[in-house]
Amino acid sequence: MSIMSRILIVDDEKDITNPLKIGLASHGFTVDAYNDPREALATYEAGKYGLIIIDIRMPGMNGFDLFREIKSRDGKAKVCFLTAFDMYAGEFKKLFPNMKVEGFLTKPISISRLASEINKITA
């Protein structure tokens, strides 16, 4: 299995992570999904994933904090945010002016569009 086909999804809602995991598996991806960002961070291994998809609004640790922690452990990690709110791209640039993020995808998103975006980012 290629590292590019292994995806990490962190979203506090199981009704988001479960269908994404199943749907992306049907497109050839191996998906690890977590509903608790702290648990995802505790088990995170640098270099394991082709892409990390993070929700922004989560209890306990928001997506930007999780991004910061992952990047401190794995500077080469590719991260994309998946959010129901469009306004976060500007906020991200203010908080992390020198850090690159692969993209901001808006919920809801179809599995086929998400798979297509993942393929573009990890190519």
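This is a predicted model: local features need pLDDT of at least 70, side-chain atom pairs count only at pLDDT 80 or more; totals for chains, interfaces and linings use all residues.

Residues are numbered from 1 along each chain as its sequence is written, and side-chain values use heavy atoms, with hydrogens and water left out.

I looked up the aromatic pairs and found eight in the structure (rings of Phe, Tyr and Trp, the last by its six-membered ring, with centres within 6.5 Å; planes under 30 degrees apart are stacked, over 60 edge-to-face, the rest tilted). One of them joins Tyr-44 and Tyr-49, which count as stacked because their ring centres are 6.2 Å apart and their planes stand at 25°. I then checked burial (buried is under 20% relative accessible area, exposed over 50%, partly exposed in between, with a 1.4 Å probe and protein chains only): Tyr-44 is buried at 10%, and Tyr-49 is buried at 10%.

I turned next to Phe-64 and Phe-81, whose ring centres lie 5.2 Å apart with planes at 85°, so this pair is edge-to-face. Phe-64 belongs to helix H3 (residues 63–73) and Phe-81 to strand E4 (residues 79–83), so the pair ties together parts 17 residues apart in sequence; helices (H or I, at least four residues) and strands (E, at least two) are DSSP runs numbered from the N terminus.

Lastly, I looked up Arg-6, which lies in strand E1 (residues 6–10) and is buried, with a relative accessible area of 17%. The side chains of Arg-6 and Asp-32 are joined by a polar contact of 3.0 Å (a pair of N or O atoms within 3.5 Å; within protein, one must be able to donate a hydrogen and the other to accept it, and residues adjacent in sequence count only if both atoms are side-chain atoms).
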